[in-house]
Amino acid sequence: MSKDNQILEELTSKEYEHGWSVNLETDEAPVGLNEDIIRWISAKKEEPEWLLEWRLKAFRTWLTMTEPEWANVHYPKVDFQALKYYSAPKQTKKPKSLDEVDPELLQIYERLGINLNEQKRLQGIAVDAVLDSVSVGTTFKETLSKLGIIFCSFSEAVHEHPDLIKKYLGSVVPMTDNYYAALNSAVFSDGSFCYIPKGVRCPMELSTYFRINAANTGQFERTLIIADESSYVSYLEGCTAPQRDENQLHAAVVEIYAASHAEVKYSTVQNWYPGDKEGKGGIYNFVTKRGICAGDHSKISWTQVETGSAVTWKYPSCILKGDYSVGEFYSVAVTNNYQQADTGTKMIHIGKNTRSRIVSKGISAGKSQNSYRGQVQVMKRAANARNFSQCDSLLMGDRCGAHTFPYIDIQNPTAKVEHEATTSKIGEDQIFYCNQRGISTEDAVALIVNGYAKEVLNQLPMEFAVEAQKLLALTLEGSVG
Amino acid sequence: MLSIHNLHASIDGAPILRGINLEVKAGEVHAIMGPNGSGKSTLASVLAGREEYEVTEGEVTFKGKDLLEMAPEDRAREGVFLAFQYPVEIPGVSTTNFLRTAVNQVREYRGLEPLDAVKFLSVMKEKMKLVEIDQKLLSRSLNEGFSGGEKKRNEIFQMAMLEPTLAILDETDSGLDIDALRIVSNGVNKLKSPNNATIVVTHYQRLLDYIVPDFVHVLYKGRIVKSGTKELALELEEKGYDWIKEEADAASV
């Protein structure tokens, strides 16, 4: 075996850090999926009738749909009847504030490095923590509400802000958009909601931290972000799950609405359990994320660092409806061992003078498969639309795969679309060069990988970027030797 | 400082070095010359610990320690520096960032505190003058899009930052015009001290006009077949390598 492969081999043998779970007393839905379960969930959440109807409609449509098979991923099919669709830690009463949240729950987050105690938290990030099917707490609510910013769990928003929910729920990702979005619409349990009023620049990063704890449970959260005219918000999302032998399903929906001159920056560091070295277990991450630049001069920017999940199926997209609106997608997707990722974006240019930029950096190690799938669509009305796409792949070792599937559909002759793609390998030469300067092999790989992903990591908020850098190194640890 | 005894090494089963003996003391400059394919670069690579080469026989001690037992990064941390013939590009990693990682890992190995950003920068500024290197170049991705001269200057700059006890310059003159050659050589000369040593691997005598060796060794078919002073280099320049080959081939019959 060449040195390269040895290095890769070792680097990939590192275990998942967040693989522990906690025995919590839970309130769970019975196993299986049918209309009664959906009614059960809806009742549990004391939802209004219209929302139940909405869920049921989604469910009925879902039943007529088939699981998509076009993605470049292979996995045993999910038995939707074997899953539980709701699992919530038992709390005697609904906590009114963070002080009333069960300390055991807070401890889970502390173990993950997320301190929900506002005094102890770094100023500048408000967190909504979601455990399995429910939000366990949201920080800095009061500070934010002084500015008119609403940041709360989705369930809370359903009760407190029904008009906004009614108006925007499913407006960007229709309930019947695709198989997993329909499933999510039927059974979603909680998630985060955020509304930034007109002209307000959100003074802190808003963040949702998703954690799957329960076994055999699907996690179906929904995030809805509404940025009113000339507002700005930067939103962060982090995810982890325990190590389990069986695959777990995570099918989330994120909707972003940006009114004119509004800007939303959405960053994800996804670190779901990827399965073990033999490819056993891990999260199926089938997620629909979409934003609409509804107003003129609005901007939506997606940044994602994807390191976890056994199978990833995810295409954060932008509908550029407003004139002069801008969509961006920055992505680093790392796959190792038997992980499979099929990820990318869709940029739909509808308005005039719309611009989009795609920077995708794939890193494959072990026996993993990493695909970029991106679509750039320029509609008839979208005069002077511009797109620039850059898709790079980095291979570590000789048993992994990198694939690029760009789709371009242009209906306006004034459009300018550029696509660049490169494939490279971490060379033995690069590692030796670092070694010769006194740098250990693991640090050499981290240095090289971070250099490769720099353009994307630079898009992340500072605190997150450092985290992401460490995570990249950790994910690849053991993959070079 | 460095003691090489009967060193044999091969690549993919083919022997390249066939019994090298060499003593290098602190304060000395040794030049290794020889025709193409004689094993000069192999010797440099084996000393630095490149894995493709298999050492089949012999010993190398460096400052009293068994060099061949050490991983490449530990050799570097002990003070062995190789200026590469073909410096490697690392996209997205600036020379500054790269060197800061390197310097601090070396310091950690030696039980020293890491340099903070401010201190590191001030050391860097001072060393930059040695090789007349521009700070802009150091903020760019390491070696990416550098000219031949810039790459070699960058190598010597790294050497200045890492302050090795043994510097091995592998064909540092290749691809350099006369001005670059002067700058690079000046840098190397300024770094010379009674406490460190330099091995200059080169095909041509040209470099030795600038970096004056105490000893010159001629390598042929994996052995040092002739050793002398700097005059030997001049003789080689004048007469070429053929007479040495004949002498050596005759002796080995």
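This is a predicted model: local features need pLDDT of at least 70, side-chain atom pairs count only at pLDDT 80 or more; totals for chains, interfaces and linings use all residues.
**Entry 1: the A/B contact**

I started where the two chains meet. I counted 20 residues from chain A and 31 residues from chain B in the contact. For the area buried between chain A and chain B I noted about 2,100 Å², with carbon and sulfur atoms giving 61% of that.

**Entry 2: charges and polar pairs across the interface**

My background note reads that side chains of opposite charge can pair when their charged atoms come close. How many salt bridges are there between chain A and chain B? I found two salt bridges. One that I wrote down joins Asp429(A) to Arg50(B), with 3.3 Å between the closest N and O atoms. Polar contacts came next, and the tally across the interface of chain A and chain B is 14 residue pairs, both partners at pLDDT 80 or more.

Which elements of chain A give two or more residues to the side that touches chain B? I have helix H9 (428-436) and helix H10 (441-452) of chain A on my list. H9(A) gives the most to that side, with eight residues. I also sorted the side of chain A that touches chain B by class, and got seven nonpolar, seven polar and six charged residues.

**Entry 3: chain B by itself**

I then turned to chain B, which has nine helices and 12 strands. Its C-alpha trace spans about 60 × 40 × 35 Å along the principal axes. Is chain B compact or extended, going by its radius of gyration? A compact globule of 253 residues would come out near 18 Å, and chain B has 18 Å, so the value agrees with a compact globule.

In UniProt I found the feature "domain: ABC transporter" at residues 2-246 of chain B, from an unreviewed entry. I checked that span in the model: residues 2-246 of chain B are 38% helix and 29% strand, and the end C-alpha atoms lie 30 Å apart.

**Entry 4: inside chain A**

For chain A, UniProt lists "domain: SUF system FeS cluster assembly SufBD N-terminal" at residues 146-202, again in an unreviewed entry. Over residues 146-202 of chain A I read 40% helix and 19% strand, with the end C-alpha atoms 11 Å apart.

Last, I went back to salt bridges, this time over all chains, and the structure holds 27. Among them I picked out Arg222(A) with Glu255(A), at 3.1 Å from N to O. This pair links distant parts of the chain, 33 residues apart: Arg222(A) sits in strand S8 (residues 221-227) and Glu255(A) in strand S11 (residues 253-258) of chain A.

Note on methods
Residues are numbered from 1 along each chain as its sequence is written. Chains are lettered from A and ligands numbered from 1 in the order in which they are written. Side-chain values use heavy atoms; hydrogens and water are left out. Contact means heavy atoms within 4.5 Å. Buried area is the accessible area (1.4 Å probe) that two parts lose on being put together, summed over both. A salt bridge is a side-chain nitrogen of Lys or Arg within 4 Å of a carboxyl oxygen of Asp or Glu. A polar contact is a pair of N or O atoms within 3.5 Å; within protein, one must be able to donate a hydrogen and the other to accept it, and residues adjacent in sequence count only if both atoms are side-chain atoms. Helices (H or I, at least four residues) and strands (E, at least two) are DSSP runs, numbered from the N terminus. Ala, Val, Leu, Ile, Met, Phe, Trp, Tyr, Cys and Pro count as nonpolar, Asp, Glu, Lys and Arg as charged, and the others, Gly among them, as polar. UniProt positions are given in the numbering used here, feature names are shortened, and annotations may be inferred rather than shown by experiment. The radius of gyration is taken over C-alpha atoms; the globule rule is 2.2 Å times the number of residues to the power 0.38.
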